[in-house]
Amino acid sequence: MRIVVLAGGIGGARFLRGLQRAVPDADITVIGNTGDDIHLFGLKVCPDLDTVMYTLGGGINEEQGWGRTDETFHLKEELAAYGVGPEWFGLGDRDFATHIVRTQMLSAGYPLSAVTEALCDRWKPGVRLIPMSDDRVETHVAVEIDGQRKVIHFQEYWVRLRASVPAEAVVPVGAEQAKPAPGVLEAIAEADVILFPPSNPVVSIGTILAVPGIREAIADAGVPVVGLSPIVGDAPVRGMADKVLAAVGVESTATAVAEHYGSGLLDGWLVDTVDASTVERVEAAGIRCRAVPLMMSDLDAAAQMAREALTLAEEVRAS
């Protein structure tokens, strides 16, 4: 079975680990979000790609869900002693090595997709990890601070401000001019099923879909497309997805997110059992829907979620 998964960071990575447990023989291609990418200390940092790579490769800090295990922060402390910031973005010493290698390879002329493949040669994540684009795309957020409207990088909004002010708009800068990375459209065309894990629908999966050609390729793939709601009981399972959903005019409910993707893209949608009353409304929108447990409390729970998604995909295929 050939499975394509659109993935953001922590939620996507943990779902992928469950998917590997559920179907160990599957050929899995992950199209990773690069809208979170940021340049820090002269280095190219790709948080979502690295979270997937570290999680599936056994190097993730399990408690945080991001960054390296057994991490130290001597370099960050030394930079701060020199007055070099930003201090709000915590890169560890082990993590710095990944960004140095990536930046060196990019400076030598290698595209991000080739660099990602080379980094994965070390981590062996068990999936093919492809950035959504080799072109630079960065998600920015419009906010009002102290009566002044400004646009800041998504990482500053998410990490430094902790989404403490309303997001007035979310813009994936550069997406309109970007092209899908080599292998992205081919993987979609050859897939047996396409999955949207419980990643942020605006700044993770939404940013991937903003790259011209990707949404259209998924809609035209002719295979089941199944998503899992990141909203449980009208609140994000993790993070602050409600903040950016509001910025694009979408309610923080499992139903509203399904309708946001739309029946032209989604064939199936899983909601949590606490949202079982929404199944009828989602199906009225032309999307087959089932209510199942969606809390990734451990690897077994994540694997069961993956099985439920694939079961729903088979229902869609047979209908």
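## Terms and model

Two strands count as paired if DSSP finds at least two bridges between them. Strands (E, at least two residues) and helices (H or I, at least four) are DSSP runs, numbered from the N terminus.

This is a predicted model, with residues numbered from 1 along each chain as its sequence is written. Local features need pLDDT of at least 70, side-chain atom pairs count only at pLDDT 80 or more, totals for chains, interfaces and linings use all residues, and side-chain values use heavy atoms, with hydrogens and water left out.

Strand β6 covers residues 138-145 and runs antiparallel to β8, joined by five bridges. Glu138 has Val173 in β8 as its bridge partner.

These strands belong to an open sheet of three, ordered β7-β6-β8, with antiparallel pairing. Its edge strands are β7 (148-153) and β8 (169-173), each pairing on one side only. Neighbouring strands are turned by 25 degrees against each other on average, direction ignored. Axes here are lines fitted to C-alpha atoms, and angles run from 0 to 180 degrees between N-to-C directions.

## Thr207

Thr207 sits in helix α8 (residues 205-209). Thr207 is buried because its relative accessibility is 3% (buried means under 20% relative accessible area, with a 1.4 Å probe and protein chains only). Its contacts (heavy atoms within 4.5 Å) are Asn33, Gly35, Met132, Val137, Thr139, Pro172 and Val202, leaving aside neighbours within four places in sequence.

## Asn200

Asn200 lies in the loop between β9 (193-196) and α8. Asn200 is buried too, at 11% relative accessible area. Its side chain reaches the backbone nitrogen of Val202 at 2.9 Å. Not counting residues up to four places away in sequence, Asn200 touches Trp158, Ile205, Gly206, Ala241 and Val244.

Terms used
Buried means under 20% relative accessible area, exposed over 50%, partly exposed in between (1.4 Å probe, protein chains only). A polar contact is a pair of N or O atoms within 3.5 Å; within protein, one must be able to donate a hydrogen and the other to accept it, and residues adjacent in sequence count only if both atoms are side-chain atoms.
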